[in-house]
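I opened this notebook to keep track of what I looked up, step by step.

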Amino acid sequence: MKVFYKGLLFLLGFFSVQTKAEGEVNVATWGTANQSSLYSNWSAQNALDGLNSTCTHTDTQSDPWWTLDLMKMYSVNRVTITNRRDCCDSRIDGAEIRIGNDSSDLLSNPVCAVVSTIPAGATYSYSCRGMEGRYVIVNIPGTSNILTLCEVGVYVIPENPCEDETEV
């Protein structure tokens with residue numbers, strides 16, 4: 001039992017939310033969200049409203065996606081995703097997080113991370129190691145899938161506006 005417990009702690013520590021790096025800024029709410037389809041009133045912007053109780057929700061479809069246009073290019077340090085807490089937590093399994101600049105073919109943007117699983121109501125953080133892009137995409141490859149996201153954070157380390165100044 002001790003071995004199982006230690007192994008579980010290791011895995012949870014490996015996949016758990018990283019601590020916020022010095023000077024990080026969440027730029028997600030500065031952008032505009034969209035998704036491949038809309039189920040009821042579960043809109044794409046729900047993932048940016050700061051409430052874990054409201055979520056996005058696509059119809060059942062092949063390769064559902066959610067995208068965030070950050071309005072300009074950023075060097076993305078990490079992306080956080082909060083999973084649905086009331087049911088269906090396995091729907092997020094296998095989701096790909098992409099960062100890039102291609103708005104016409106979202107799935108051609110490079111993959112930052114793949115979500116193996118996120119427990120119901122939990123928030124996990126995925127390092128993107130400074131990947132550059134204007135668009136953040138979360139998609140689930142395959143047929144007959146539903147994508148549900150309750151919160152998405154996009155953390156960047158802003159450029160230092162004072163770095164060009166010289167000391168007197």
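My entries on this structure follow in the order in which I made them.

Entry one, confidence. I noted that this is a predicted model, and I found that the protein averages a pLDDT of 86, with 82% of the residues scoring at least 70. Over residues 1-20 the pLDDT stays under 50, and there I found eleven contacts beyond four places in sequence, while residues 163-168, also with pLDDT under 50, have zero such contacts.

Entry two, the largest pocket. I looked up its volume, which comes to about 240 Å³, and then its lining, which includes Trp30, Lys72, Tyr74, Glu132 and Pro158. Which element gives the largest share of this lining? I found that strand β3 (residues 65-82) does, with four residues. Sorted by class, the lining holds eight nonpolar, one polar and three charged residues.

I searched for aromatic pairs and the count came to zero, but I did find Arg78 lying over the face of Tyr155, at 4.0 Å from the ring centre.

Conventions
Residues numbered from 1 in each chain as written. Predicted model: local features only at pLDDT ≥ 70, side-chain atom pairs only at ≥ 80, totals over all residues. Heavy atoms only, no water. pLDDT = per-residue confidence, 0-100. Contact = heavy atoms within 4.5 Å. 1 Å grid on protein atoms, 1.4 Å probe; cavity = no way out; pocket = protein on both sides within 12 Å on 5 of 7 lines; lining within 4 Å. Points joined across faces, edges and corners; volume = space filled by probe spheres on them. Helix = DSSP H or I, 4+ residues; strand = E, 2+ residues; numbered from the N terminus. Nonpolar A, V, L, I, M, F, W, Y, C, P; charged D, E, K, R; others polar. Phe/Tyr/Trp six-rings, centres within 6.5 Å; stacked < 30°, edge-to-face > 60°. Lys NZ or Arg CZ within 6 Å of the ring centre and 35° of its normal.
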